[in-house]
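Good morning, and thank you for coming.

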Amino acid sequence: MNKESAPRLNKFIAEQTGISRREADELIEKGAVLVNGEVARIGQRTTPKDIIIVKGQKIEPKSNFTYVMLNKPVGYVSSRAKQDAAPTLYELLPENYKSLKTVGRLDKESSGLILLTDDGDFALQMTHPKFSKVKIYDVELETPLEPLHQQMMADFGVNLSDGVSKIGLERISDDRKRWRVTLREGRNRQIRRSFGAIGYTITKLHRISFGNYHLGDLAPGETREVAP
């Protein structure tokens, strides 16, 4: 393998550990990565012969990754650390999945499809804005959405503190309280903030689709292995 065709070190670390390339770069910048006994550099490339140590642990090449879909119930946080008394979704996972990392998040009051993996490159492709993975949610509002507000949200978007938010809307109930929402971005609590900015409160937010993955008949709290 010549130097030009060898993979970058951050990509290798991401693929073998499940962290993102950005997190791998942060470890390299902190001097926490050694290659053949020397402190690694940002942008460095690696070959199969290299001995790579990350935070004191040797990284062995891994080729078999795990991809899991979970139907997260309301009330669980999407992290390893508990928030106050709220349980984490890791309490729902079988022991052999507990080392996986979430691909994006759902807030505590939201439910539905969330992916977990140990493949950092896959996680990057699913979450980075440049790949524009479509996410679909079923949303229920406390009060009916006015037709004018529906048109405004879909055609012009809603001004939020981090920019304009545009979402697709499809009505799924005659009372105009239940909507199918299509989102092409992934900003923090974007759907809740978008409705909240024009005076609506979401009482239910359930993700049913993420890219090519669909929740289907997966029961709340259950997992299923999927293909990348």
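Lys72 stands opposite Gly112 in strand 7. Strand 5 and strand 7 run antiparallel and are joined by six bridges; two strands count as paired if DSSP finds at least two bridges between them. Helices (H or I, at least four residues) and strands (E, at least two) are DSSP runs, numbered from the N terminus.

Before going on, please note that this is a predicted model, in which local features need pLDDT of at least 70, side-chain atom pairs count only at pLDDT 80 or more, and totals for chains, interfaces and linings use all residues. Residues are numbered from 1 along each chain as its sequence is written, and side-chain values use heavy atoms, with hydrogens and water left out.

Strand 7 also pairs with strand 6, residues 101-103, in the antiparallel sense over three bridges, and there Lys101 has Thr117 as its bridge partner. With strand 13, strand 7 runs parallel, joined by two bridges; Ser111 is partnered by His206.

How many residues of strand 7 are buried? Seven of the seven are, so the strand is largely enclosed by the rest of the structure. Buried means under 20% relative accessible area, exposed over 50%, and partly exposed in between, with a 1.4 Å probe and protein chains only.

Let us turn to helix 3, residues 120-127. Gly120, Asp121, Phe122, Ala123 and Met126 are buried in this helix.

Finally, consider Gly199, in the loop between helix 5 and strand 13. Gly199 is exposed, with a relative accessible area of 61%.
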